[in-house]
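Subject: Structure handover, with notes

Hi there,

Here is the structure I promised to pass on. Please have a look at it first, and then read on for what turned up.

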Amino acid sequence: MGNINAVVNFETADDGRIAVISLDNPPVNALGHALRSGLVAAIERARDDHAVAAVMLIGTARAFSAGADISEFGKPRKPPSLIDIVALLDTLAKPVVAAISGLALGGGFELALGCHYRVATQSARVGLPEVKLGLLPGAGGTQRLPRLIGAEAAAEIIIGGDPVPAAKALALGAIDAVLEGDFRAKALDFTRAKAAAGGKPPRARDREDKLAPAKADPALLDRVGEKLLRRVKGLPAPKACLDAVRAAVNLAFDEGQKKELALFMELLTSPESKAQRHVFFAEREAAKLPDMPASVKEKPIHRAVVIGAGTMGGGIAMCFANAGIPVRVIETEQAALTRGLDRVAENYRIAISRGSLTEAEMDKRMAQISGTIDFGAVAEGDVVIEAVFEEMDLKRRIFADIDRLAKPGALLASNTSTLDINEIARATKRPEDVLGMHFFSPANVMRLLEIVRASKTSFEALATALSIGRRIGKVTSVVGVCDGFVGNRMLARRTTQAEMLLLEGALPWDVDAAVLAFGFPMGPFAMGDLAGLDVGWRIRKARGVKAAISDTLCEAGRFGQKTGAGYYRYEPGSRTPNPDPEVEKIILATSERLGIKRRRIGAEEITERMMYPMINEGARILEERMAMRASDIDIIWIYGYGWPVWRGGPMFYADQVGLSHIRDRLAHYAANSTDKMLTPAPWLEKLAAEGKGFASLPVQTIAV
Ligand code: 3HC
Ligand code: NAI
């Protein structure tokens, strides 16, 4: 509790010569209204107190400040704004030092840039992540940072949005010193020295020297833009970031700041930013379990065991090793184990060749992973994750063995993507410790982890799985036991429609083009080729279902990239999909064989039939309480399947389109199709009739 207000404290040191203004708005010093108004009052007090010769602004160990309070966006703006605060700092004749420990992000870093000096702890990180919310830094960051570190480096930080470690920020000139030891005392020493030095304190806004290279070479920022904007295909925020940096180079400071603000206000109301802000909060909500009693404690996890060193097992082991958790991988035979561990090493080597990992780091990570063919090693694990072949009998046998060997209380998880976790849990005498941990391939890369709550799973087990997810850097969502859980269950609806589109008149490249244009990184057919068409073929055969075209391709040995041909043709050693006349012939012949009259299908119909059936399934999933929130489904699709973040996820997207439109289109397609799953789901019907969206649904508990 501060003496200015609840979140800002003012005190003095050195007999009143140094004012120390502390920011304490947990958890991360978001610059909400109280913090902003408290800051103004404190800065004015320091300004007006004649005894004060210098000012230090300091946050908490976790954060100087994580920026503007995102939850205030979209609401009426209450003065003072952050721009007002920084403008006030600009008028001060006394030096102001920002003492940064933890994070200084977004508006928090802009506040620091408005100070005359910046000092930081070694572990501090600074940055301007606004672009990840579909925004740009709107409190002078795009004007001050280029003046401190040059336009090119600033553009990279602002467009990339990633935090910069203190050492790099120091080398670039974004901060003035990295201080070791007692940070507060050292920062105070620094402030004292600046007070003693006297003279006019330096303002970032007055600097011109670092802008010289960009002024001398007007094409410099074009080249930077070409390099950095290629990945983000026409999104407004990254382009606006570049335009704002350009304004820093070409305009006087005040003009540049006006331009920045105009761009910021435009982005604030953009659909992309609205979606990205939704995702920010949705991601954090997804990790919360509404019915979890506050007293539940997660179990400590010191060691992990992964059973199976195949595609998934190896990737899962890497997740633990990357997080510094020792992991034992168990296989049936030495050859399979060696193959699996070699693949892990190969993955790390690829990371080294791309420059994203050092040799030393690889050695450290590999040292965390050890393999064995002795199943008794299960006893070592605080968590045991099974990732063997997708066969119920095998999994039940393995869980019975795990039950005999694992330590009491160990978390027992299956990575199954289709099997019933309740049945697996019943193979043990401790079903309360059993749940699903459904990773996505490649497990070391994909951020999503579906945590499957079975009927007997304890809260302790769930809390432990959520905590493991956090430690290994995953975005978690708790889901219920149903066929395909949430993600794959919705995907199945899209897959059915994709095949039907081919039979009715489209070609794989038409469908993929529409899905790419929507914003996915890959279309369903290119994705099928990448994953291997034989996987689905085997599952279909086991279940006695058919997919005329995919089955025909598999019968012809076209399994996708691994055989050089699938829905597309691949040149040896290349992953580029090439449309293949052979496939067109197969598709046309299949339509004819099934007596389907082909017609021209436009991109709009393709897009609707790719997206709306999934949304419909999402409505069923919610009705069955297989997901807790519509926004959890958004998170699953964004982090597991590449749904474009700037479209906010399928359920958010549905709300933007309007549920009555989606219901009408589904009803239209259902009337002309044998796919009964196109019939609008009851909850979609109900919400549409009430003129509501999925966002209006309250959070619910998973049905068990
Ligand atoms: N506004 C409002 N709430 C915020 C927030 C912010 N800027 N930053 C974090 N929070 C909240 C989170 O929602 C979460 O709330 P919860 O506990 O109720 O779920 C809580 O703070 C803790 O956050 P995390 O769980 O994310 O904690 P981590 O330690 O994992 O991460 C972080 C901390 C890196 C700061 C991360 O929260 C983050 O990236 N925050 C957003 C940073 C950002 O984008 N800043 C720019 C804002 S826009 C801006 O400043 C505009 C300006 O240019 C005018
Ligand atoms: P895989 O075939 O690549 O690997 C399975 C491994 O398990 C093999 O190396 C095999 O030798 C080993 N194994 C079999 N029986 C064993 C036993 N008794 N003890 C120890 N090891 C044994 O399979 P993949 O793709 O890794 O899948 C594993 C599991 O993960 C399956 O349940 C699958 O459904 C699931 N999954 C797969 C995804 C994918 O994209 N491949 C995605 C998400 C889940």
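Before the sheets, a word on terms: two strands pair if DSSP finds at least two bridges between them. Helices (H or I, at least four residues) and strands (E, at least two) are DSSP runs, numbered from the N terminus. Please keep in mind that this is a predicted model, where local features need pLDDT of at least 70, side-chain atom pairs count only at pLDDT 80 or more, and totals for chains, interfaces and linings use all residues. Residues are numbered from 1 along each chain as its sequence is written, chains are lettered from A and ligands numbered from 1 in the order in which they are written, and side-chain values use heavy atoms, with hydrogens and water left out.

The six-stranded sheet

One open sheet has six strands in the order S1-S2-S3-S5-S7-S10, and its pairing is mixed. S1 and strand S10 (177-178) are the edge strands; each has a single partner strand, so one side of each has no neighbour in the sheet. Six bridges link S1 and S2, which pair in the antiparallel sense. Ala13 has Ile18 in S2 as its bridge partner. Helix H1 lies across S1, S2 and strand S3 (54-58), and runs at about 20° to S1. For that packing, contact means heavy atoms within 4.5 Å. Axes are lines fitted to C-alpha atoms, for helices over the stretch in contact, and angles run from 0 to 180 degrees between N-to-C directions.

The four-stranded sheet

Strand S6 (residues 103-105) and strand S8 (residues 125-127) are parallel partners over three bridges, and Ala104 stands opposite Val126 in S8.

Ligand 1

Ligand 1 has 23 residues around it, and Gly107, Glu110, Glu130, Arg284 and Lys288 come nearest. Here a residue is near a molecule or strand if one of its heavy atoms lies within 4 Å of it. There are polar contacts too (pairs of N or O atoms within 3.5 Å; within protein, one must be able to donate a hydrogen and the other to accept it, and residues adjacent in sequence count only if both atoms are side-chain atoms). An N or O atom in the side chain of Arg62 is 2.9 Å from an oxygen atom of the ligand 1 molecule. On the backbone side, a polar atom of Ala66 is 2.9 Å from a nitrogen atom of ligand 1, and a polar backbone atom of Ala68 is 2.8 Å from a nitrogen atom of ligand 1. On its own, ligand 1 has 980 Å² of accessible area, and the protein covers 73% of it. Accessible areas come from the Shrake-Rupley method with a 1.4 Å probe; for residues, only the protein chains shown count as cover. The elements giving two or more residues to this shell are helix H3 (107-114) and helix H12 (271-286), and H12 has the largest share, with three residues.

Ligand 2

Around ligand 2 there are 22 residues, the closest being Met312, Glu331, Glu390, Lys395 and Ser417. A backbone N or O atom of Thr311 lies 3.0 Å from an oxygen atom of ligand 2. Ligand 2 taken alone exposes 830 Å², of which the protein buries 77%. Helix H13 (311-322), helix H16 (392-405) and strand S16 (434-439) each supply at least two residues of the shell, and H16 gives the most, with three residues.

Backbone details

Most residues other than glycine have a negative phi, and most peptide bonds are trans. The bond from Pro26 to Pro27 is cis, with omega near 0°, and Pro27 lies in the loop between strand S2 (18-23) and helix H1 (33-48). Another cis peptide bond joins Pro79 and Pro80.

Happy browsing!
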